[in-house]
Amino acid sequence: GAPPDVRLSTDVDMPLVTGLVRATVLLPASAVEVLTPAERAMVICHELAHVRRRDLLFGWVPAVAERLFFFHPLARIAAREYAIEREAACDALVLRAMDASPGDYGHVLMRLGVGDPAPSLSAGGSSPSASMLKRRLAHAAARSRC
């Protein structure tokens with residue numbers, strides 16, 4: 001298929017990819033001012049990793065399970081762990097594809113910071129909590145030592 005569009009938007013606070021039929025990477029308009037060109041490239045690479053892995057499609061499984069089994073604590077834990085591992089897998093792809101150092105990439109993650117969870121029809125590059133951000137940084141550092 002055609003490559004995804006990459007667009008700036010004033011309607012998003014964090015980078016994300018949306019669209020099941022035709023993927024679109026949305027970057028906050030502020031990314032042009034806040035991130036260096038190399039950092040923007042890493043962010044776009046991360047979002048394209050979501051597209052390559054078909055995370056929007058496969059993300060429906062834990063999202064639906066979490067909502068159907070809202071009463072079961074393991075459903076919430078499984079959905080959270082899936083999201084963490086999904087982000088870690090995309091982070092690892094960025095480190096490999098861009099030959100980025102974990103320190104440089106970790107700096108980008110820190111600059112993106114903690115954001116609201118992405119809408120259910122998107123996959124985002126920010127972390128919904130400080131603890132998830134710490135786990136992503138630890139994953140990136142550990143994968144670089146492998």
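At roughly what angle do the axes of helix α5 and helix α6 cross? In this predicted model, helix α5 spans residues 73-97 and helix α6 spans residues 102-112, and their axes cross at roughly 130 degrees. The two axes come within 10 Å. Two packed helices are described by the angle between their axes and by the distance between those axes. An angle between 115 and 145 degrees is neither roughly perpendicular nor roughly antiparallel, and α5 is therefore oblique to α6. The crossing of this pair is right-handed.

The residues that bring the two helices together can be named. On the side of α5, Asp91, Val94 and Leu95 take part in the contact, and they meet Pro102, Tyr105 and Leu109 of α6. Sorted by class, the contact of α5 with α6 comprises 5 nonpolar residues, no polar residues and 1 charged residue.

The structure holds 1 cavity of 30 Å³ or more, and the largest cavity contains about 50 Å³ of space. Its lining consists of 10 residues; those nearest the centre of the cavity are Val43, His46, Tyr105, Leu109 and Leu112. Two or more lining residues come from each of the elements α2 (37-53) and α6. By class, the lining of the largest cavity has 6 nonpolar, 2 polar and 2 charged residues.

Helix α6 links these two parts of the description. Tyr105 and Leu109 meet residues of α5, and both Tyr105 and Leu109 are also among the lining residues nearest the centre of the largest cavity.

Notes
Residues are numbered from 1 along each chain as its sequence is written. This is a predicted model: local features need pLDDT of at least 70, side-chain atom pairs count only at pLDDT 80 or more; totals for chains, interfaces and linings use all residues. Side-chain values use heavy atoms; hydrogens and water are left out. Axes are lines fitted to C-alpha atoms, for helices over the stretch in contact, and angles run from 0 to 180 degrees between N-to-C directions. Helices (H or I, at least four residues) and strands (E, at least two) are DSSP runs, numbered from the N terminus. Angles under 35 degrees count as roughly parallel, over 145 as roughly antiparallel, 65 to 115 as roughly perpendicular and the rest as oblique. A crossing is left-handed if the near helix is turned anticlockwise from the far one by less than a right angle, and right-handed if clockwise. Contact means heavy atoms within 4.5 Å. Ala, Val, Leu, Ile, Met, Phe, Trp, Tyr, Cys and Pro count as nonpolar, Asp, Glu, Lys and Arg as charged, and the others, Gly among them, as polar. On a 1 Å grid over the protein atoms alone, a cavity is a set of points where a 1.4 Å probe fits but cannot get out, and a pocket is an open set with protein on both sides within 12 Å along at least five of seven lines; lining residues have an atom within 4 Å of a point. Grid points are joined across faces, edges and corners, and a volume is the space filled by probe spheres set on the points.
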